[in-house]
Amino acid sequence: METIEQLKVHYQWRLEEEENLRKLSEFGAKYQQEWIGRLYSYLANFPDTSKYLPNEQVRERHNDKLKKWFVALFAAAHDAEYLRRLYRIGEVHVQIGLPPHYVSASMNFTRQFIYDKLAHEPNLPIALDQAVASVNKILDLNLDVMTGSFREEELKFYLASGRIQRFMIETMRRGLWLVDLFIIAAFAVAGLFLMLWIGYEMVLVATGKTTLEHGAIMIMGSVLILYAISELLNEEIRHLRGAALGLKVFIAVALAAVIRKILILSLEPGRTTELIVLAGLTISLAATHWLIIHAENKTAPFK
Ligand code: HEM
């Protein structure tokens, strides 16, 4: 862990930085409310925000702390106590399992927000380029310390394990990555075969080997399965990029498969019982799908 003095040397922090930021204290106080509102609207676009800020109570607590953090960017003495508070924020984020990506993106948003406001502020107490330079340093220092906690946490886990455990962790990590890659390749090949199959079904209709009604229904069924494969492929790619697997997509795929079966059976006479069973299955899958979406929306405070 670096001391505040070491960090200041690394960031070429001069006395001017302290003075510049202090002169911008009023600016910080003036825009804290607008910043927080805009940041939360921005965070609403992240798929898992509601997981980390699950209810109004946590959100309000965070809201309050964020405003203090924003004001302190300019007004606080940037000393050992300030650094301790930044480490604490990093630790809390690690404890709730917040991906560091969220913090980096929020910091980028904050930087853009401050630039924009500084550029349009009529009575800036210092030159714009000086203000921007000092703001950049304090934001970079914040980001460095906050995301440092995530790196330290990973490192602690890694160093705490023995050589054999480290080897096993690495092998498993690579193995899982290969499995994910294989699943993506398998889905892609299946999608390709299905496209060829749909083409074949179209040829059958065009050459009169299948009736138009039968052909159209078969093609619709195959397109549904293609849609399901594309959804699974998208979900797997998202998972490979670090997102959690979504249950919704599997229900949607099951729905597509059942609807396809219904389409095919509807062509055959005397299959009423099976059709009734499949209709029941469709309704329960649709209800499950709705319940998942409803639960997700309910826990998303920004929607
Ligand atoms: C610029 C980025 C951010 C800053 C400066 C920041 C700041 C803070 C601060 C000051 C605390 C209080 C730490 C303490 O208890 O001492 C905190 C806690 C927390 N942060 Fe952040 N945060 C940021 C981004 C985020 C994001 C993007 C999320 C979630 C999407 C998040 C979720 C939380 C949660 C859930 C807590 C614990 C709240 C509680 O239960 O009291 N933070 N953060």
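**Helical spans, a helix pair and the ligand site**

The end C-alpha atoms of residues 275-293 lie 27 Å apart, and this span is 100% helix and 0% strand (helices are DSSP runs of H or I of at least four residues, strands runs of E of at least two, numbered from the N terminus). The model is predicted, so local features need pLDDT of at least 70 and side-chain atom pairs count only at pLDDT 80 or more, while totals for chains, interfaces and linings use all residues. Residues are numbered from 1 along each chain as its sequence is written, and side-chain values use heavy atoms, without hydrogens and water.

Residues 176-200 are likewise 100% helix and 0% strand, with end C-alpha atoms 36 Å apart. An unreviewed UniProt entry places the feature "transmembrane region" at residues 176-200, 212-233, 245-263 and 275-293; such annotations may be inferred rather than shown by experiment.

Helix α10 (residues 212-240) packs against helix α11 (residues 247-265) at about 170°, with axes 9 Å apart (axes are lines fitted to C-alpha atoms over the stretch in contact; angles run from 0 to 180 degrees between N-to-C directions). The two helices are therefore roughly antiparallel (over 145 degrees). Residues in this contact comprise 15 nonpolar, 2 polar and 3 charged.

The ligand is surrounded by 19 residues (a heavy atom within 4 Å); Y52, R61, H62, K65 and H93 are the closest. Polar contacts are pairs of N or O atoms within 3.5 Å. A polar side-chain atom of H62 lies 2.8 Å from a ligand nitrogen atom, and one of H93 lies 2.9 Å from a ligand nitrogen atom.

Key: Angles under 35 degrees count as roughly parallel, over 145 as roughly antiparallel, 65 to 115 as roughly perpendicular and the rest as oblique. Ala, Val, Leu, Ile, Met, Phe, Trp, Tyr, Cys and Pro count as nonpolar, Asp, Glu, Lys and Arg as charged, and the others, Gly among them, as polar. A polar contact is a pair of N or O atoms within 3.5 Å; within protein, one must be able to donate a hydrogen and the other to accept it, and residues adjacent in sequence count only if both atoms are side-chain atoms.
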